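Please look at the sequence and the structure before reading on.

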Amino acid sequence: MTQPIDHLDDERLLLELYGAGSEADNRHLHACPACSARFAELKAQRARLLAAQPAPPDAGRLRAQRAAVWAQIGNGRRRPVWRALQAGALAGAVLAGVLLYRPAQPPSTPPAAHDVAHLSDEQLFEDLATMLARETPLAAEPLMGLFVAGTDNEVQKQ
Ligand SMILES: [Zn+2]
């Protein structure tokens, strides 16, 4: 029974290329024609990539690209389709508002049916109505309470 030949995959060949492969892989590479061929291939590819100089950026081309981008943005802003979409979104929001709007009504529950849940609902409604009717924001009341207490104290001191 012969051992299956464990050829080096590209990853291990690349490790060999950078001198970071294992000793066993290195030995196989030098003994195996198939792996040696692939290794030479990778080596040539790497040489080509290193030799290829990145093209220097052409100022004129960059300017043209920038102009094209700006023109595209300008077109997007002026495009009537976009305006129609905006108008449509606004109309949709108004429609949703109309659909969601319900005139405020006091809970119409018969007095006999009052249980804790209904009472709390009514209480909530009452509280909300009171809060909406107030001119002073409810959050300011504790502060005002401090002033009232201060005057009371002063009155008591006198
Ligand atoms: Zn091999």
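## The residue after α1

Just after helix α1, Gly19 adopts a positive phi of about 70°, where helices are DSSP runs of H or I of at least four residues and strands are runs of E of at least two, numbered from the N terminus. The model is a predicted one, in which local features need pLDDT of at least 70 and side-chain atom pairs count only at pLDDT 80 or more, while totals for chains, interfaces and linings use all residues. Residues are numbered from 1 along each chain as its sequence is written.

The buried residues of α1 are Arg12, Leu13 and Glu16, a residue being buried if 20 or more other C-beta atoms lie within 10 Å of its own, exposed if 12 or fewer, and partly exposed in between, with C-beta atoms placed from the backbone. Viewed down the axis of α1, these buried residues fall within an arc of 100°, so they line one face of the helix; the arc is that of the directions from the helix axis to the C-beta atoms.

The face turned away from this buried side carries the exposed residues Asp10 and Glu11. The buried residues of α1 pack against α2 (23-31) and α3, contact meaning that the C-beta atoms of two residues, placed from the backbone, lie within 7 Å.

## The crossing with α3

The axes of α1 (residues 10-17) and α3 (residues 33-51) come within 10 Å and cross at roughly 65°; axes are lines fitted to C-alpha atoms, for helices over the stretch in contact, and angles run from 0 to 180 degrees between N-to-C directions. Asp10, Leu13, Leu14, Glu16 and Leu17 in α1 meet Cys35, Arg38, Phe39, Leu42, Lys43 and Arg46 in α3. By class, this contact has six nonpolar, no polar and five charged residues, with Ala, Val, Leu, Ile, Met, Phe, Trp, Tyr, Cys and Pro counted as nonpolar, Asp, Glu, Lys and Arg as charged, and the others, Gly among them, as polar.

## The whole chain and its confidence

The protein has seven helices and zero strands, and of its 158 residues 4% count as buried. The mean pLDDT, the predictor's confidence in each residue from 0 to 100, is 73, and 53% of the residues reach 70 or more. Confidence is lowest in helix α7 (residues 141-157), at a mean of 57, and highest in α2, at 95.
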